[in-house]
Amino acid sequence: PTRARAGKKIAGEKIIKVEPPPIPEHSRPRRVQGRIALVGDAAGYVTKCSGEGIYFAAKSGRMAAEEIVALMKGGSRLPTQAEIEDTYCKKYDGLYGPTYTVLDILQKVFYTNNGAREAFVELCNSKYVQQVTFDSYLYKRVQGNNPLDDIKLLGETIGCMVKGYSTAKPDAEFSNPVESLKRI
């Protein structure tokens, strides 16, 4: 559809890449500019591990709207950038910042190579991990917080990492020039 709309503008030109834009993996450094507030994907509110963003888009949109409406005091004034940042951004970060931090750590620790991925798969056998994962996904915030079980999980994680690294095959080099050329 995009090519059809562009029609004459791109006729005869070489298409360099055909792919969707990347999903943002971190919140934008500047989510408010003047009285414009970014929400959802535009603000970078996407979970890294799953790419989920619908809930966070709806939640951030509602939070931004509620905060801006409150700041406007019945339409008698316009909010400043600082006020929007101090309300909407601060509240959103307070609610969901820990979730993004935990998911970022999980990705950095477990998604880096075959050994780490094998350790992650083994950890997923734990009933505690399954319950914390389910609850965190359901409530969109980090759950758990059972100090004794968290200490046990740390020990299990270290054991699984050692086992995963010792038994996993090394990562294979990835190169597929034929497929890459198809995308050009």
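Let me start with how α5 passes α7, which is in a right-handed crossing, meaning that the near helix is turned clockwise from the far one by less than a right angle. Both names come from DSSP runs numbered from the N terminus, where a helix is H or I with at least four residues. This is a predicted model, in which local features need pLDDT of at least 70 and side-chain atom pairs count only at pLDDT 80 or more, while totals for chains, interfaces and linings use all residues. Residues are numbered from 1 along each chain as its sequence is written, and side-chain values use heavy atoms, with hydrogens and water left out.

Helix α5, residues 114-123, packs against α7 at an angle of about 135 degrees, with the axes 8 Å apart; the axes are lines fitted to C-alpha atoms over the stretch in contact, and angles run from 0 to 180 degrees between N-to-C directions. That makes α5 oblique to α7, a word for whatever is left once under 35 degrees is called roughly parallel, over 145 roughly antiparallel and 65 to 115 roughly perpendicular.

Now to two lysines in loops. K73, between α3 (54-72) and α4 (81-110), has a phi near 45 degrees, and K140, between α6 (127-139) and α7 (147-167), has a phi near 60 degrees. Most residues other than glycine have a negative phi. K73 is exposed, at 58% relative accessible area, whereas K140 is buried, at 10%, where buried means under 20%, exposed over 50% and partly exposed in between, using a 1.4 Å probe and protein chains only.
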